[in-house]
Amino acid sequence: MNRATGPGAIPRRRFGSSIGFAVLAVPLFAFIAFVLLLVGYLVANGIGVLSWEFLSKPPTAGMTEGGILPCIIGTVLVTFVSLAFSVPVGVFSGIYLAEYAPNNLLTRAIRSSVRSLAGVPSIVYGLFGVALFVNAMNLGMSVLASGLTLGLVNLPWIIATCEEAISAIPSSFREGALALGSTKWEAIRRNVLPYAFPGILTGVLLAVARTAGETAPILFTGVTYYTRQLPNSLLSRFMALPYHLFTLATQHDKIAEVRPVAFGTALVLVLFVLLFDALAFVIRMRVARTNTWQV
Amino acid sequence: MSGETRIAIENLNLHFGANHVLRDVGFNIPANAVTAIMGPSGCGKSTLLRCINRMNDLILSARITGRIVIDGENVYSPRVDVIDLRRRVGMVFQKPNPFPKSIFENVAFGLRIHRLGDSGEIRARVEKALVQANLWEEVKDRLQDNAFSLSGGQQQRLCLARAIAVGPEIVLLDEPASALDPHSTAKLEELIVELKREYTIVIVTHNMQQAARVSDHCAFLMLGELAEWGKTEQVFTKPKDKRTEDFLMGKFG
């Protein structure tokens with residue numbers, strides 16, 4: 001008699017199946033609960049200080065009062081500078097790798113280097129940014145130097161997602177266009193890129209979310225503890241949300257008094273990141289509905 | 001008219017890396033007729049078809065010697081512009097490959113690329129191509145629908161319309177019915193026979209009944225070698241080559 005069909009075997013198999021389900025599901029739910037707890041804790045402690053004034057005023061009275069406007073502007077500005085650099089470079093590189101690069105040792109080496117760069121600790125990028133942008137290129141500690149450093153952090157992610165989005169387009173679209181007498185570039189531009197665009201955009205939005213929260217790359221390249229003015233050029237120093245949070249949470253001499261402001265700052269940063277993640281999610285859902293060839 | 005040679009294939013050899021795929025293939029394809037390339041799977045018939053519009057150029061390991069002469073010019077001569085060649089030699093693939101655009105834009109795709117006419121002219125040419133492909137009546141009220149909403153057989157006729165819209169003289173069909181049901185296949189075959197009045201048609205098929213139904217001439221390929229070619233009637237009733245005979249008897253396939 002075999003084990004699967006013997007008397008009592010089926011209840012035993014059912015029980016085994018339930019155990020399997022639990023083993024797989026419990027860690028997931030535990031993780032989700034943890035994330036919800038974190039966000040809930042932030043909201044509970046930070047919502048009190050959120051107000052129009054908090055978002056539109058600079059810090060006052062030694063940061064114990066006022067708002068975080070310079071930090072929001074600084075973060076938006078460096079994020080924008082980083083994208084202005086990393087999106088064109090990343091997208092062009094991704095197109096080249098996916099469509100033009102010959103499949104040889106060099107290309108494979110480049111591809112795996114890109115993957116490895118994505119895993120380099122961001123403090124390493126920060127120090128590299130000091131050496132290259134701040135010192136060698138003489139940009140000083142500035143929005144520009146920080147933005148470019150963040151751009152380097154983003155670049156491998158954007159190249160990789162862009163290449164993947166393009167490679168996911170069926171080759172029959174390219175072949176069909178070529179067989180009608182289009183050039184290779186026409187086939188790519190008209191019959192590949194439009195369909196890869198949502199995937200590329202998702203990658204860029206996720207990069208935005210990551211950039212906004214990075215602290216190490218801006219630490220030595222431009223961010224400042226406190227400045228009375230908003231940045232008035234790309235060569236100004238600036239305040240930023242993640243660094244402001246770090247300052248308030250660990251460096252301030254009146255830690256207890258600035259705690260509510262710190263929670264508010266954390267909440268704004270998390271909402272900023274969630275906004276872009278949500279946007280990426282919505283685009284992904286829409287694509288899943290409209291890309292009918294992905295059966 | 002029929003009988004006059006449109007495409008002459010001469011001493012064609014093709015290697016993919018170390019693999020000798022086509023061996024000294026040579027035969028003539030007559031104008032305004034349907035020529036079938038038959039043979040068991042893996043014999044190189046699709047590869048041969050893709051030599052005619054130089055789609056094998058895309059495969060880096062492919063090495064081609066010999067000539068394919070269309071209108072007195074070798075398509076592999078450096079003077080030939082491959083973009084223009086592919087406009088003159090249309091192709092329909094084995095699996096219907098509509099683009100994820102509207103039905104109208106699918107057919108207009110080639111016209112836009114080659115800048116053939118303004119929007120009014122494009123509309124007229126799209127309609128003409130859809131009529132020729134026997135699809136107009138079925139889609140005229142839903143030209144803006146996504147091409148993926150069509151059935152498999154309709155998709156394949158759409159691909160045919162897309163190929164003939166740019167005004168080719170030759171149409172290559174690579175097992176166009178292999179993914180279709182019998183009813184759609186019959187419709188497509190009827191269409192192929194109709195289209196030979198205007199185009200020179202080359203069809204690859206592993207289905208010998210289909211070759212017998214649609215073709216005027218046929219070539220039989222076996223392990224990369226041309227076993228036999230001639231009028232379909234003659235090849236089917238009085239094959240000269242033992243291998244053709246065995247294939248027709250169903251000894252392999």
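Reader: At what angle do the axes of helix α6 (residues 152-165) of chain B and helix α7 (residues 182-195) of chain B cross?

Author: This is a predicted model, where local features need pLDDT of at least 70 and side-chain atom pairs count only at pLDDT 80 or more, while totals for chains, interfaces and linings use all residues. Residues are numbered from 1 along each chain as its sequence is written, and chains are lettered from A and ligands numbered from 1 in the order in which they are written. Helices are DSSP runs of H or I with at least four residues, strands are runs of E with at least two, and both are numbered from the N terminus. The axes of α6(B) and α7(B) (lines fitted to C-alpha atoms, for helices over the stretch in contact, with angles from 0 to 180 degrees between N-to-C directions) come within 9 Å, and they cross at roughly 20°.

Reader: Is α6(B) roughly parallel or roughly antiparallel to α7(B)?

Author: Start from the crossing angle of roughly 20°. Angles under 35 degrees count as roughly parallel, over 145 as roughly antiparallel, 65 to 115 as roughly perpendicular and the rest as oblique. The crossing of roughly 20° therefore makes α6(B), relative to α7(B), roughly parallel.

Reader: How many nonpolar residues are in the contact of α6(B) with α7(B)?

Author: Two residues are in contact if their C-beta atoms, placed from the backbone, lie within 7 Å. Here α6(B) brings B:G152, B:G153, B:Q156 and B:R157, and α7(B) brings B:S184, B:K187, B:L188 and B:L191. By class (Ala, Val, Leu, Ile, Met, Phe, Trp, Tyr, Cys and Pro are nonpolar, Asp, Glu, Lys and Arg charged, the others, Gly among them, polar), four are polar and two charged, and the nonpolar ones number two.

Reader: In chain A, how does α7(A) lie relative to α8(A)?

Author: The axes of these two helices come within 9 Å and cross at roughly 130°. That angle makes α7(A), relative to α8(A), oblique.

Reader: How many charged residues are in the contact of α7(A) with α8(A)?

Author: From α7(A) come A:F173, A:R174, A:A177 and A:L178, while α8(A) gives A:E186, A:A187, A:R190 and A:N191. Four of the contact residues are nonpolar and one is polar, and the charged ones number three.

Reader: Which helix gives the most to the side of chain A that touches chain B?

Author: The contact between the chains takes 15 residues from chain A and 20 residues from chain B. On the chain A side, α7 (171-179) and α8 (184-191) each supply at least two residues. With six residues, the one that gives the most is α7(A).

Reader: How many charged residues are in the contact of helix α6 (residues 143-167) of chain A with helix α9 (residues 193-213) of chain A?

Author: The axes of α6(A) and α9(A) come within 9 Å and cross at roughly 155°, and that makes the two helices roughly antiparallel. Among the residues making the contact are A:L150 and A:W157 of α6(A), with A:G199 and A:V204 of α9(A). Ten of the contact residues are nonpolar and five are polar, and the number of charged ones is none.
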